[in-house]
Amino acid sequence: MTAVYADGMALGLREVLAEDPRVYLMGQYFFGLTRHRRLTVELMRDFPGRVWNPPIAEVGYAGTGIGAAISGLRPIVDIATASFIFQAWPQVVNEAANIRYMTGGQTGVPVVFHITHGIRGGGASQHSHSPQAMLMNTPGLQIISPSTARDVRGLIRAAVQSDDPVVWIDHVKLFDIEGELPDAPETIPMGVADIKRRGTDLTIVATSLQVQRSLVAAERLAAEGIQAEVVDPRTLVPLDRATILQSVGRTGRLVVVDECHRSCGVGAEIAATVAEDAFDALRAPIIRVATEDVPIPFSRTMEEAVQPTVEKIIAAAHAVMEARRPRG
Amino acid sequence: MTATEIRMVDAIREAMRAELAADPSVVLLGEDVSVGGPFGATKGLQDEFGAARIRDTPISEAAVMGLAVGAAAAGLRPIVEIMFMDFATLALDQLVNHAAKLRYMSGGQLSIPLTVRMQAGASGAFGAHHSQSLEAWLAHVPGLKVVAASTPADAYGLLRAAIRDPDPVVVIEHRALYWGRGPVETGEAAIVPLASAVVRRPGIDATIVSWSRMTVTALAAADLLAAEGIQAEVIDLRGLQPMDTATVLASVRRTGRAVVAHEAVGFGGLGAEVAARIGEDAFDALRAPVERVAAPFTPVPAAPDLERAFVPDAAAIAAAVRRTLARPDPRRRSLEEGR
Amino acid sequence: MPSTVPSGALPAPQRLPQLRTMLRIRRFEEALIDLAQAHDVGHFHVYIGQEATGVPALALLEDGDVAYSTHRNHGHLLARGVDPNAMLAEILGRATGTNGGKGGTLHLASPAHGFPTTSASVGGPLPIAVGSAFAFRELGRDRVSVALFGDGALEEGAWHEAANIAALRQLPVVFLCENNSVGAVTQQAGDYPSSTLAVGTLADLARPFGIPAAVIDGSDSDAVHAAMSDALVRARSGDGPSFIEARTVRWPGNQGIWAELVTGRVQVHYGWDAATIPDPHRAWFAEHDPVVRAVREALAAGAGRDAIAAIDADATREMAAAVAFALASPWPDADEAFANLYADPRVNALATGRRAAK
């Protein structure tokens, strides 16, 4: 069936709530302030007592989720806008991420933290963050970053089934994007990338909303005769390096598209790892399309100027196609 | 002034003393700073400058950081000491959402001349909550400047520059370096610009980029390699954000081979950023992949042996340099194949 | 029962076992301080002076209850029966340690004894303890979660958020604050550390949330027993959280950053012959040391000096053996550094990759 991304989220949440009585929703802004917020109301109606609206206390309720996970629940803690995760940071990165390791494997923390990241339009500097690169540098967390209705539904199941903490990252601009949903529930495993479009001339590795933008860019490139392969890692930790390296091995050219700031962003890690392990295959420098290294400005024109766009992806693709280096 | 041999922890104190003396708007805030903090970096400053300017704070990192941001906005130049870099997690919202953004969000109307000193790194078996190197987080935040010194002279010069800077600067100090001695000049001329990498050891065969304690390790690796006839150039990045990419690129264009070594976790670390920049802007000069030598993707283990295994050593850096040198030159090979 | 025994106080026959646990903690910490003279143990915190809080309070916990401790955790774990061999081995970073060498002194944990994890981030465990209580309530388990913390944790915002959530949902959690900074107000300026809170009485911080709060002498095991009994009854009967401020006078060896045996080792005969207490720490031993007090109480309850001396000798021997065990224990294999990041072995291998270890 065809459904929008938000329906995939709601279905994924509905399925795990129905299947596992240990699953609780802590927070109710899974869909932000969008028209889809009615979906949370439906979940509250259908699963009475299983959706808790905590006080505005990110440290407090993120920690409550961790403790509840240690003691037998499988909470999905909604931090809402990703910028607020900095309030919960000590709990997410210092406590949840470390506990299994510090205890020598004695105690697991099966908690999921949900955040909605990215430039949403008018969010300005304090409501537009993409903190996934900072979270990625934190051993102990797993990070899911879906781009389609099907992936978000299947990754929610994987996240809830995992015995370790997961950060689930959505982009608010994905909510209305249509896609196909299989009839039966499915679990999409951690660390398995998905090739969203096949191509032979260059590889575009993109995450979250940028997968959708890259698919649009790839269609326009195809009209020029350039066949771009679009690889969606789907989970940032663990990262499916093999699929990325195999694709670059075939195409010899790579553009990485990610909405984090450029410096130390997700794109830096992917570019560095490909340059290390697919050096001989690379026929052009890897180009990163990322958000510029400035806070996010409020005004629409400036917002557009700093973020990855279809046009910037196409320009990067042209640049890597023009660069020439013989294969090693 | 003549240089005297002093410990890094003393150089840090001397830098603060100089700026406290020079500028009455400089104040110092932190847990137990009146008695020197856990490592003595602030010892004696309260006696000299008084309790009004050297203030002990509660164990309230978020509130203290917020207070410092507000004080900076209102005209003071606060230095905040975060006892362990790990505790910056508790103040991250104030750093990321406020300190870093107020100049930008206000369209340039506000200035936040704030210095945040953080002691970091794995040594002494402190375990997962007191040993992390988290510079990649902070270098990822536009609006924050980040520096890390590997010598007492740089610790002095960078800290003075940080305190004078009109924007928030995070100064990362490695506790394993605190007691190492080195020549330190104390004067205006000793101030080190924030984004200025330095070549610690010239070489022609490969470039090693490092910072903080790993520069000391990289120099040891260069010694190992020199004994084999390999001349490695060692660059101490010093400024992590903004970064002196030009010095790095100039070196790599000469050597054609690069290794980035740091103590933080490799995956998603600052080494990825350095490698990506080299790959973007010195692609044609590269004769081997940029190697990253860094900590594994785990929290810092407590056991001394596991902690030693966690921190990259000179042998690991030297091995990475040898790997880059063992690569056949792809350009030469294709030329030969073309013949 | 004699009418002089306060409500909830410890029955006389339990005096000697309680003293035994307190002495085991004391001898453990003394042995550790000695060990640190000769071996690179790193920085650690000792529980000396607080034994009369942790021992009676944690003795009341039942299987399935949990407690979240702090950097000053050794006494808590020993009070719940964790093996001192494994604890000292962990503190030395050996493979036989409670956490296999990955935690160290700051993070000693033993879920089997009700310590799922130990955080060294001040204030960090408070919301986590509330979370366990949340789970117990939702899962219909008659269990209690205990947050153990020092006075400094109340300086963190996490306290405020945790207390609010616990009170809103009337969760079965006990906030046991061990205020070991008593004397701080009279300390010389600059003494390390000192509580830095604007409130006069820490327990006042719980009252606006409607959380019942008690201020007790933390070196009075009967008072601790009574307050903790009340709090646990409240939690188990669904009446929500409680706050206990247990005040202890800081052990002189804990005034500096590094624990030092400035007082020398405690001697059980201080309990029956105060004249033998040496200066200059006579006042602390005579008036504030919970172990000496417990010796006096055991004597009053009918225990003999010989019996007390015998359990002390046992405790001393046990901890000497623990030191020997820890020192003889193997170091962890370096590959262990890559284990236990994630439960799923595929994810663990994919994420650690071993690339950085090259």
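In β7(A), His114(A) has Trp168(A) as its bridge partner. This is a predicted model, in which local features need pLDDT of at least 70 and side-chain atom pairs count only at pLDDT 80 or more, while totals for chains, interfaces and linings use all residues. Residues are numbered from 1 along each chain as its sequence is written, and chains are lettered from A and ligands numbered from 1 in the order in which they are written.

**Exercise 1.** Find the domains of chain A and describe how domain 1 meets domain 2.

*Solution.* First, the bounds: domain 1 covers 2–180 and domain 2 covers 194–322, as given by an automatic or database domain assignment. Their C-alpha centres are 25 Å apart. Now count contacts (C-beta atoms, placed from the backbone, within 7 Å): 25 residues of domain 1 touch 24 residues of domain 2. On the domain 1 side, α6 (132–136), β6 (142–144), α7 (149–161) and β7 (166–171) of chain A each give two or more residues. That side splits into 12 nonpolar, 11 polar and two charged residues. Here Ala, Val, Leu, Ile, Met, Phe, Trp, Tyr, Cys and Pro count as nonpolar, Asp, Glu, Lys and Arg as charged, and the others, Gly among them, as polar.

**Exercise 2.** Which strands pair with β11 (228–232) of chain A, and is β11(A) covered or open?

*Solution.* Take the partners one by one. β9 (194–197) of chain A runs antiparallel to β11(A), with three bridges, and Asp194(A) sits opposite Asp232(A). β10 (202–206) of chain A is parallel to β11(A), with four bridges; Leu202(A) is partnered with Ala228(A). Then check burial (20 or more other C-beta atoms within 10 Å of a residue's own, all placed from the backbone; exposed is 12 or fewer, partly exposed in between). β11(A) is mostly covered, with five of its five residues buried. Ala228(A), Val230(A) and Asp232(A) lie on one side, Glu229(A) and Val231(A) on the other.

**Exercise 3.** Which elements supply the side of chain A that touches chain C?

*Solution.* Begin with the totals: 41 residues from chain A and 40 from chain C take part in the contact. On the chain A side, α3 (58–70), α4 (85–96) and α5 (99–102) each supply at least two residues, and α3(A) gives the most, with 10.

**Exercise 4.** Which residues of α9 (290–300) of chain C are buried?

*Solution.* Eight of the 11 residues of α9(C) are buried: Pro290(C), Val291(C), Val292(C), Arg293(C), Ala294(C), Val295(C), Glu297(C) and Ala298(C). Among the elements covering them are α1 (15–38) and α10 (305–328) of chain C. Just past α9(C), Gly302(C) has a positive phi of about 110°.

Conventions. Contact = placed C-beta atoms within 7 Å. Pairing = 2+ DSSP bridges.
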